[in-house]
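Reader: I would like to learn how to read the features of a model like this one. Please take them one at a time, general idea before the case.

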Amino acid sequence: SDQLGLAVDAVYRYAGLHVQAEVITKQVRYTAAGRTPQFSLADLRTHYPIDNTSWGGYLLLGYRFEWGGIMPYVVAQRVEGYNNGLKALSTPLLVGVNVRPMDSLALKVEYMRVMFDEEAIFPRDDINLISAQAAWAF
């Protein structure tokens with residue numbers, strides 16, 4: 001296949017305010033040799049891949065307090081893509097807090113809710129996740 005990927009991102013900071021956004025797109029055009037049948041576990045059928053355009057993006061809003069390097073944030077995302085010709089649509093929403101007690105250490109806890117559109121390849125109930133992360137730069 002021939003593929004083209006493009007992305008643009010931006011960050012804006014003012015005092016403790018942190019705004020960050022990114023949009024990514026991928027275009028796929030299959031060649032005759034590349035359009036081979038693929039079996040999908042999503043619907044237990046064989047599909048021929050189709051030319052498609054997928055995209056995703058997010059917007060993050062946060063505020064970093066001077067005390068303890070604490071930054072509560074919210075993130076809204078949108079993902080539209082294809083898997084074996086079947087459309088995948090989801091809207092994850094995140095709420096979290098990022099703490100930097102020192103420059104080389106970041107601690108993060110976040111809650112994520114993933115909502116699937118009705119026409120997604122896996123129409124299902126929303127998914128709720130809680131995650132924690134520690135990152136140390138040395």
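**Reading the features**

Author: Start with burial: of the 138 residues in the protein chain, 24% are buried. The model is predicted, and a residue counts as buried under 20% relative accessible area, as exposed over 50%, and as partly exposed in between.

Reader: How many helices and strands does the protein chain have?

Author: The protein chain has 0 helices and 9 strands. Read from the N terminus, the order of elements is β-β-β-β-β-β-β-β-β.

Reader: Where is L94, and is L94 buried or exposed?

Author: L94 sits in strand β7. L94 counts as buried because its relative accessibility is 7%, and the cut-off for buried is under 20%. Its C-alpha atom is 9.3 Å from that of L129, a residue 35 positions away along the chain.

Reader: What should I look for in a salt bridge, and what is the count here?

Author: The criterion is a side-chain nitrogen of Lys or Arg within 4 Å of a carboxyl oxygen of Asp or Glu. By this rule there are 4 salt bridges. One of them pairs R29 with D2, with 3.5 Å between the closest N and O atoms. This pair links distant parts of the chain, since R29 is in strand β2 and D2 in strand β1, 27 residues apart. R29 is exposed at 52% relative accessibility, and D2 is partly exposed at 41%.

Reader: Which residue forms a salt bridge with D51, and what does the pair tie together?

Author: The partner of D51 is R35, and their closest N and O atoms are 3.1 Å apart. D51 lies in the loop between β4 (45–47) and β5, and R35 in the loop between β2 and β3 (38–40), so the pair ties together parts 16 residues apart in sequence. D51 is partly exposed, with a relative accessible area of 40%, and R35 is partly exposed too, at 31%.

Reader: How far apart are the closest N and O atoms of E80 and R78, and how does each residue count by accessibility?

Author: In the salt bridge of E80 with R78, the closest N and O atoms are 3.0 Å apart. E80 counts as buried at 18% relative accessibility, whereas R78 counts as partly exposed at 21%. The cut-off for buried, under 20%, separates the two classes.

Reader: Which residues make the nonpolar surface patch?

Author: A patch is a set of nonpolar side chains with accessible area, joined by distance. Here L59, L61, V74, V95, V109, Y111 and I130 make a nonpolar surface patch of about 610 Å². β5 (52–63) and β8 (105–116) each supply at least two of the patch residues. V109 lies in strand β8 and is partly exposed, with a relative accessible area of 45%.

Reader: What is the volume of the largest pocket, and which residues are closest to its centre?

Author: The largest pocket has a volume of about 330 Å³. Its lining consists of 16 residues, of which H18, L60, R64, M71 and N98 are the closest to the centre. By class, the lining has 7 nonpolar, 4 polar and 5 charged residues. At least two lining residues come from each of β2 (17–29), β6 (70–83), β7 (86–102) and β8.

Reader: What is the phi of A15, and where is A15 placed?

Author: A15 has a positive phi of about 55°, although it is not a glycine. A15 is in the loop between β1 (2–14) and β2, and is exposed, with a relative accessible area of 74%.

Definitions and conventions. Residues numbered from 1 in each chain as written. Predicted model: local features only at pLDDT ≥ 70, side-chain atom pairs only at ≥ 80, totals over all residues. Heavy atoms only, no water. Patch = residues over 30% accessible without salt bridge, like charges linked within 9 Å, V, L, I, M, F, W, Y side chains within 5 Å. Areas by Shrake-Rupley, 256 points an atom, 1.4 Å probe, with all protein chains shown as cover. Helix = DSSP H or I, 4+ residues; strand = E, 2+ residues; numbered from the N terminus. Buried < 20%, exposed > 50% of the residue type's maximum accessible area, 1.4 Å probe, protein only. 1 Å grid on protein atoms, 1.4 Å probe; cavity = no way out; pocket = protein on both sides within 12 Å on 5 of 7 lines; lining within 4 Å. Points joined across faces, edges and corners; volume = space filled by probe spheres on them. Nonpolar A, V, L, I, M, F, W, Y, C, P; charged D, E, K, R; others polar.
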